[in-house]
Amino acid sequence: MPGSYPVTFGEVELLRDLDRQDGWVLSKDGVPQSYIDLQDPTFLEFEYVRLMADVIDLLPDGPLSCVHVGGGACTIPRYVSATRSGSRHIVIEPDGLLVNLVREQLDLRSVPRLKVIVAGGREGTAKVWDETADLVVLDAFTGATMPVELATTEYMGDIARILRPDGTLLINLADGKGLAFAKRLLATVTGTFRHVALLAEPGIMRGRRFGNLIVAASRTGLPVDLLTRRAAGGLTQARCVYGEALTNFIAGAAPIQDGDPVMAPVPPPAVFG
């Protein structure tokens, strides 16, 4: 089972976690894409995934109807299904061979009520019915960069279309020095969603090092006080920025429109060592 596997867009590696009997890392081009524990889907190895789980855990109790843009090994669908029985998932993933690999080698069939749409993010989202999602998780990367077409005002409008009025959007992005891309993406999101919060480890939030930042957005509200305490009390001791502080963080950055000449940041080689 460990080894390299050809997929539609190149090759991926499955690496066993020597510290956990059923822990696996899915890696592409030397960049870790997903971590899962087949016996304990509530174990979340990556810091940014734990921050997303913090937001999900604070949503109203009960099963969720979820749309995941970007599949990988489906860490978040597994987590939600384990913590919220009865949840259903649509996973949008463009790499059909990767989907087959995760099904066969990483037991994706064990996740109940999960459907995969093999398509790009925008194409797949267009196939989802209006106001059917409680949660949209946008965690799509080409290698180590976020596709810019998934960071535009036009795409945020389509995400808003499929979310229920009180639904929540979670975005994983990566940025480094100056955080120019993060600021523009946040300007884009705040143009569609009234309530927005940014979560990240303090060094990343200050632009001192390259890393992942999590955006949470809703049209009706976010539990920012609880989220601030939960993020600060976790292993990452992350910060939660919202309201006036977020406006100051964005600092007048322009939203991203379709066709804008925007480049998603590429991590320095040392990041993945």
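Contact here means heavy atoms within 4.5 Å. The model is predicted: local features need pLDDT of at least 70, side-chain atom pairs count only at pLDDT 80 or more, and totals for chains, interfaces and linings use all residues. Residues are numbered from 1 along each chain as its sequence is written, and side-chain values use heavy atoms, with hydrogens and water left out.

**View 1. Leu-169 and the nonpolar cores.** Leu-169 is in contact with Val-136, Leu-138, Met-156, Ile-159, Leu-163, Phe-193, Val-215, Ala-216 and Ala-217, leaving aside neighbours within four places in sequence. Leu-138 and Leu-169 have the most contacts inside the largest nonpolar core, which has 46 residues. A nonpolar core is a set of buried Ala, Val, Leu, Ile, Met, Phe, Trp, Tyr and Cys residues joined through side-chain atoms within 4.5 Å. Buried means under 20% relative accessible area, exposed over 50%, and partly exposed in between (1.4 Å probe, protein chains only). Helix H6 gives this core its largest share, six residues. A second, separate core has 30 residues, including Leu-59, Val-80, Ile-214 and Leu-227.

**View 2. Helix H6 and its cover.** Helices (H or I, at least four residues) and strands (E, at least two) are DSSP runs, numbered from the N terminus. H6 spans residues 180-190; Phe-181, Ala-182, Leu-185, Leu-186, Ala-187, Thr-188 and Val-189 are buried there. The cover over these buried residues includes helices H5 (153-162) and H9 (243-250), together with strands E9 (163-175), E10 and E11 (211-218).

View 3. In H8 (residues 224-233), Val-224, Leu-227 and Ala-231 are buried. Down the axis of H8, its buried residues fall within an arc of 55 degrees, so they line one face of the helix. The arc is that of the directions from the helix axis to the C-beta atoms. An α-helix has 3.6 residues a turn, so residues three or four places apart point the same way. Arg-229 and Gly-233 are exposed on the other side of H8. Helix H1 (47-57), strand E10 (195-200) and strand E12 (239-242) are among the elements covering the buried residues of H8.

**View 4. Arg-50 on helix H1.** Arg-50 lies in H1 and is partly exposed, at 23% relative accessible area. Beyond four places in sequence, Arg-50 is in contact with Leu-44, Glu-45, Leu-235 and Thr-236. Arg-50 and Ala-238 are 188 residues apart in sequence, yet 10 Å apart C-alpha to C-alpha.

**View 5. Leu-101 on helix H3.** Leu-101 lies in H3 (residues 96-105). Leu-101 is buried, at 9% relative accessible area. Not counting residues up to four places away, Leu-101 touches Tyr-5, Val-7, Val-12, Leu-14 and Leu-106. Leu-101 and Val-7 are 94 residues apart in sequence and 8.2 Å apart in space, C-alpha to C-alpha.

**View 6. The second largest pocket.** On a 1 Å grid over the protein atoms alone, a pocket is an open set of points with protein on both sides within 12 Å along at least five of seven lines; lining residues have an atom within 4 Å of a point. The volume of the second largest pocket is about 250 Å³. Of its 14 lining residues, Ser-65, Arg-88, Ile-90, Val-128 and Thr-132 are the closest to the centre. Strands E5 (65-69), E6 (88-92) and E7 (114-117) each supply at least two residues of the lining.

Technical notes:
1 Å grid on protein atoms, 1.4 Å probe; cavity = no way out; pocket = protein on both sides within 12 Å on 5 of 7 lines; lining within 4 Å. Points joined across faces, edges and corners; volume = space filled by probe spheres on them.
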